[in-house]
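Biologist: Could you take me through this model before I start working with it? I would like to begin with the overall fold and then turn to the details.

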Amino acid sequence: MKALVAMSGGVDSSVAAALMLEAGFEVIGVTLKQWVGPDGEMPTAGCCTVADAEDARRVAAQLDIPYYVLDYVDEFTRAVVEPFADEYLAGRTPNPCIECNRKVRFSALFDRMDALGTDVLVTGHHARVRRDEAGWHLLRAVDGTKDQSYVLHMLGQVELSRIRLPIGEMTKAEVRERAAALGLRTAAKPDSQDICFVKRDYRSFLDTAVPETARPGPVVATDGTVLGSHQGTTRFTIGQRKGLGIAVGEPRYVVEIRPASAEVIVGTRDDLLVDGCLVSGVTFVAGHLPVAAQVDVKVRYRSKPIPATIEADHDSGGVWRVSFDQKTPSPAPGQSAVFYDGEEVLGGGVIDDVIRSDG
Amino acid sequence: MIYLDNAATTPMRPEAGAAMQPYLGDRFGNPSGVHGVARRAKDAIEEARERIAVALGAAHPLEIVFTGGGTDADNLAVVGSALVSGGGVVTTAVEHDGVLESARFVERLGHAVTIVGVDGEGRVDPSAVVAAVDGNTAVVSVMSANNETGVIQPVSEVADALTAAAPDVLFHTDAVQAFASLPVTVEKTGAAMITVSAHKIGGPQGVGCLYVRKGVELEPVIHGGGQELGRRSGTHNVAGIVGFAAAVEAAVADRGRYGSVVGSARDRFESELASRVKVEVTGADAERLVSHAHLRFPGVPSETLLIRLDQAGIAAAAGAACHSGAQLTSHVLDAMGVPPDQGAEAVRFSFGWADVTATASAAATVVADVVETLQ
């Protein structure tokens with residue numbers, strides 16, 4: 001059996017490659033070249049920076065496995081970077097890592113596995129794959145603090161049957177211990193947090209890459225009072241509290257972004273509470289609709305799952321209506337809503353809008 | 001592993017390796033010194049210079065300037081002659097980056113640069129080159145043969161036409177790829193400057209030379225201690241230079257065999273592939289170096305094919321080797337009018353001096369097997 005290991009240059013995928021070797025697989029390491037900055041270099045932040053690709057290469061050499069860089073710059077630019085800017089322009093808060101997984105990593109790499117003569121795809125994600133008589137299941141990682149199942153919710157039965165996630169079975173501490181025991185240079189390397197094509201923060205990226213996003217406008221209270229001004233709607237996300245540039249007594253949050261009029265609406269914490277959301281492009285891991293309509297839903301990568309019921313919205317095809325059991329601070333359209341049943345990922349999609357029952 | 005990437009670099013000829021050994025050991029001297037250790041090193045590089053001068057048919061050994069390789073020599077030729085006169089550069093769209101980027105560099109400094117296109121087979125028209133020359137042109141650079149496709153350029157025709165039309169313009173040819181199989185000499189090329197690289201002809205990496213016709217003035221590109229008569233500063237790579245000279249002599253002596261044996265191996269490789277899979281030969285209607293098989297397998301991305309071939313024990317390349325890692329669109333194929341989607345299917349197999357008779361058929365079988373699963 002041949003394994004195609006997607007190596008980012010981090011400790012997780014380094015150990016994943018080593019574990020596949022130990023498990024008796026023939027292993028090929030690849031790094032996806034996804035982004036070429038204006039200076040023609042590989043990216044310098046997040047995963048897959050220049051140094052990261054070099055780390056992946058060195059780890060592959062140490063493990064004595066063949067290693068290649070695959071050019072996905074065109075696909076990545078088209079499927080991730082351009083929509084990233086468009087989403088912000090539309091007043092939404094995109095999750096580029098999920099779009100990258102959906103449209104580049106898992107689609108393109110799965111498409112090429114046969115051509116590359118490999119049988120399974122391996123990544124260093126913290127999540128688990130299980131199989132029983134009902135089929136393949138995607139579960140949260142053993143290490144709850146590092147769980148990445150949220151960004152893998154688009155995987156279906158075919159994908160899960162061909163993917164291996166050995167790191168999801170270990171805690172981060174165990175991964176690092178293993179890397180150290182193997183003498184891998186990535187053993188103590190810090191986790192990456194950033195978006196790979198964005199250098200410092202996404203705002204400066206947008207300012208440079210899409211200058212038209214810098215469209216100033218008013219900061220407006222829910223009652224219509226103008227409280228101040230801002231340098232562009234793309235600088236804001238729903239629920240944001242800092243950097244609003246206004247001085248009022250109690251905390252104010254961004255509750256709505258209106259890109260057409262360049263208005264940023266701010267309100268109290270109560271104004272931020274919503275009853276649910278509408279989610280489009282929903283896929284289910286099992287390949288069919290879930291039995292239970294009662295789920296836990298995660299509306300951000302780093303948020304606690306909250307109890308909710310889901311139902312298909314028959315008025316608009318492919319859209320699911322998520323009703324939170326209790327009023328909840330508004331999620332940001334553009335982020336993904338991922339449905340869980342305990343440890344298991346049921347599926348998910350992209351949040352299109354929020355539901356306010358009283359509004 | 002069957003090594004078919006000799007256009008990227010060649011295995012060292014035994015003569016070169018043997019000649020270098022003493023200079024990697026106790027003959028470690030710096031030639032720019034007064035003592036005996038230095039003198040022995042100086043003797044070694046001057047003897048190497050004489051032997052390379054003879055091989056190139058130079059009038060005097062000091063017409064050979066040792067450099068850190070082909071790109072180094074290309075920079076000296078193009079940048080050096082443009083800077084010394086303030087004049088412009090005329091070159092072709094299919095040159096090695098060593099020449100093209102040098103031209104772009106002097107263009108940024110304000111010199112006029114004209115890039116002449118090629119036909120669909122990758123050949124430049126000598127009259128188009130001459131037509132691009134004007135009273136301000138300092139140097140014309142046309143490669144002897146292309147590193148990616150192996151397509152041979154009409155260098156002596158360019159030289160003749162230039163001599164007739166603009167005798168004061170310097171003519172440079174990058175003969176890095178051509179040297180192993182073509183009789184590259186001052187007389188045959190008609191060039192005032194010729195670039196040769198050691199590691200493409202069975203010598204070590206990191207050393208090469210620029211032949212500079214006596215009387216040609218160049219502004220140095222590397223400044224320092226004034227080695228190589230001030231034309232290329234920096235402590236000599238003595239072992240490399242000695243190995244280079246040995247490789248040059250071995251390659252020249254081997255050219256007859258190379259032309260027939262390597263050529264027939266390449267031809268057999270191409271015809272056996274064509275009998276089994278869909279394949280197109282780049283520059284098929286042009287004169288090509290016997291070493292190069294630049295092919296396109298329709299429907300098979302080269303990135304995938306190269307990985308599969310590596311797994312199957314065949315070392316090949318998509319184009320120039322200078323960009324490590326992920327592949328870039330080839331400017332050579334671009335210039336030939338090859339659409340990008342076809343360019344992404346191009347693979348270069350390049351044969352070399354080491355024994356290839358047995359491997360050509362074996363390689364064709366493996367390549368065809370892999371391509372069949374992908375086409």
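Predicted model: local features only at pLDDT ≥ 70, side-chain atom pairs only at ≥ 80, totals over all residues.

Biologist: Understood. How many helices and strands are in chain B?

Modeller: Chain B contains 12 helices and 12 strands. Its radius of gyration is 21 Å, close to the 21 Å from the globule rule for 375 residues, so chain B is as compact as a globular protein of that length. The C-alpha trace spans about 65 × 50 × 35 Å along the principal axes.

Biologist: And what percentage of the residues are buried?

Modeller: Buried residues account for 54% of the 375 in chain B. Of the contacts with a separation of 6 or more, 74% are between residues 24 or more positions apart.

Biologist: What is the strand order in the open sheet?

Modeller: The open sheet has 7 strands in the order β2-β8-β7-β6-β5-β3-β4 of chain B, and the pairing is mixed. Its edge strands are β2 (64–67) and β4, each of which pairs on one side only. From one strand to the next, the twist averages 20°.

Biologist: Which strands of the sheet does helix α3 touch?

Modeller: Helix α3 (residues 70–85) of chain B packs on the sheet and touches β2, β3, β5, β6 (170–174), β7 and β8. The direction of α3 makes about 160° with that of β5(B). Helix α2 (residues 36–56) of chain B lies across β2, β7 (193–197) and β8, at about 120° to β2(B).

Biologist: Let us look at β3. Is it mostly covered or exposed?

Modeller: Strand β3 (residues 88–92) of chain B is mostly covered, with 5 of its 5 residues buried.

Biologist: Which of its residues point which way?

Modeller: In a regular strand, side chains alternate between the two faces of the sheet. Here B:G88, B:V90 and B:T92 point one way from β3(B), B:V89 and B:T91 point the other way, and all are buried.

Biologist: What does β3 pair with, and in which sense?

Modeller: β3(B) pairs in the parallel sense with β5 (residues 137–141) over 4 bridges. Across that pairing, B:G88 stands opposite B:T137 and B:V89 stands opposite B:V139. β3(B) also runs parallel to β4 (residues 113–116), joined by 4 bridges, and there B:T92 stands opposite B:V116.

Biologist: How does the chain cross from β3 to β4?

Modeller: The chain passes through helix α4 (residues 97–108) of chain B, giving a right-handed β-α-β crossover.

Biologist: Changing topic: where is B:L218 found?

Modeller: B:L218 is in the loop between β8 (208–212) and α8 (238–276) of chain B.

Biologist: Why does B:L218 count as buried?

Modeller: B:L218 counts as buried because 24 C-beta neighbours lie inside 10 Å, and the cut-off for a buried residue is 20 or more.

Biologist: What is B:L218 in contact with, leaving aside neighbours within four places in sequence?

Modeller: The contacts of B:L218 are then B:L76, B:G80, B:S81, B:V84, B:V212 and B:R231. The C-alpha atoms of B:L218 and B:G80 are separated by 4.6 Å, although the two residues are 138 apart along the chain.

Biologist: Finally, how many residues of chain B are in contact with chain A?

Modeller: There are 10 residues of chain B in contact with 10 residues of chain A. Helix α9 (residues 302–311) gives the most to the chain B side, with 6 residues.

Biologist: What classes of residue does that side have?

Modeller: The side of chain B that touches chain A has 3 nonpolar, 4 polar and 3 charged residues.

Methods: Residues numbered from 1 in each chain as written. Chains lettered and ligands numbered in written order. Helix = DSSP H or I, 4+ residues; strand = E, 2+ residues; numbered from the N terminus. Rg over C-alpha atoms; globule rule 2.2 N^0.38 Å. Buried ≥ 20, exposed ≤ 12 C-beta atoms within 10 Å, placed from the backbone. Contact = placed C-beta atoms within 7 Å. Nonpolar A, V, L, I, M, F, W, Y, C, P; charged D, E, K, R; others polar. Pairing = 2+ DSSP bridges. Right-handed = clockwise from strand over helix to strand, strands pointing away. Axes fitted to C-alpha atoms, helices over the stretch in contact; angles between N-to-C directions.
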